[in-house]
Amino acid sequence: MIKRELEDIVFADIKPQKAVLLFGARRVGKTILMESIIQRFGDKVAFLNGEDLSTVEMLSVRTVANYNQLFQGISLLAIDEAQAIPDIGKTLKLIVDNIKGLSVLVSGSSSFDLHNQTGEPLVGRSYQYKLFPFSLKELSQTENRVEILQRLEERLVYGMYPELLSIPEFNKKQQYLLEIVNSYLLKDVLMIDGIKNSGKMRDLLRLVAYQIGNEVSYDELGKQLGLSRNTVEKYLDLLAKTFVIYKLSAYSTNKRKEISKPNKWYFTDNGIRNAIISDFRVLPLRQDTGALWESFLISERIKKRNNANEHASYYFWRSYSGQEIDLIEEHNGTLAAYEFKWGDKKVKTPSVFNKIYPETSYNVVNKMNFWEFVG
């Protein structure tokens, strides 16, 4: 069993009259993490599944008397897949405010749904965390650095979903990832906002998948899909809120020399990206190795900060003269610039960037030194 880095942080925040909200895509390990925390908590735990109709019925009578009766003698209420429970935010507020001595731990596969329902009712009453697929640092509990390096190419293609570790056959890994895309991720997105045109959503994902590492034009995507710019932005926002993709904006303080409007979109997990385009070829046969490496490293960096409960903001940088930097990280008021190269090619700091930000560190991350960046 690989211990999730967030476990101790989440466990420490479980307190009476507080709710801990754990968000993440399906199949990233939220239930297993909750079970591990429950085992540490001991007895006097009620563990409910929000997708079970009996749970919905049990909580539907929203009165203090009902909840006092249900949770008498209970110290921890844990609800998995809570986004399926109508008005879960109001329900949790009533429980947290009125059932003395009760702590609450809740998971949700959709931040959009759960944030909408819990955001206002639980202001000041909750702690919120995101759970991602495994990080390389988490895998280092069972793999040494040599083994991690040996499996690096495989993970650039198949990603880091926990269950993949127990699937040795590559064709079975492909089948698993395709099932996640078809049965879980897109289903969640379509259910959230009542979107009926699943074909357009899948087509949009495919277009974005082919453009990772490149600036994305909403107008161009709209033209190709027959959708308005606003609809494209709405769909991308929904995909981000269900942890399928995330956005990097352009970093800029000098409007005359730096672009500031375009965005880049990346997939949270390379395996999901490759399943979207049905391309699981090995790296020597691919033309997108550089983009996969870039996407993989940025995701690993985000996991690293997230799992340490550290806040950071992420951008890319490009000048009007065409000079580029893959990632700008802003953390505790400090900027750091990173360029990602699959090979060991030497790269100089872009002159325009160096002139505007002379105090900012510039680092090239490749196969030989990537552990310092992600570990």
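1. About 40 Å³ of space lies in the second largest cavity. A cavity is a set of points, on a 1 Å grid over the protein atoms alone, where a 1.4 Å probe fits but cannot get out, and lining residues have an atom within 4 Å of a point. Grid points are joined across faces, edges and corners, and a volume is the space filled by probe spheres set on the points. The model is predicted: local features need pLDDT of at least 70 and side-chain atom pairs count only at pLDDT 80 or more, while totals for chains, interfaces and linings use all residues. Residues are numbered from 1 along each chain as its sequence is written, and side-chain values use heavy atoms, with hydrogens and water left out.

2. Among the residues lining the second largest cavity are Arg155, Met160, Phe267, Asp269, Ser295 and Lys303. Helix α15 gives the most to this lining, with four residues; helices (H or I, at least four residues) and strands (E, at least two) are DSSP runs numbered from the N terminus. The lining has three nonpolar, five polar and three charged residues. Here Ala, Val, Leu, Ile, Met, Phe, Trp, Tyr, Cys and Pro count as nonpolar, Asp, Glu, Lys and Arg as charged, and the others, Gly among them, as polar.

3. The count of cavities of 30 Å³ or more comes to three. The largest cavity has a volume of about 90 Å³. Its lining comprises 14 residues, with Ala25, Pro133, Tyr161, Phe243 and Thr268 nearest the centre. By class, 10 are nonpolar, two polar and two charged.

4. The largest pocket holds about 920 Å³ of space; a pocket is an open set with protein on both sides within 12 Å along at least five of seven lines. Of its 32 lining residues, Lys130, Phe132, Tyr246, Ile302 and Tyr314 lie nearest the centre. Elements giving two or more residues to this lining include β5 (126-130), α13 (229-241) and α15 (289-307). The lining of the largest pocket has 15 nonpolar, 10 polar and seven charged residues.

5. In the second largest pocket, the space is about 580 Å³. Gly29, Lys30, Thr31, Ile32 and Leu33 lie nearest its centre, among 26 lining residues. Helix α2 (residues 30-41) gives the most to the lining, with seven residues. The classes are nine nonpolar, six polar and 11 charged.
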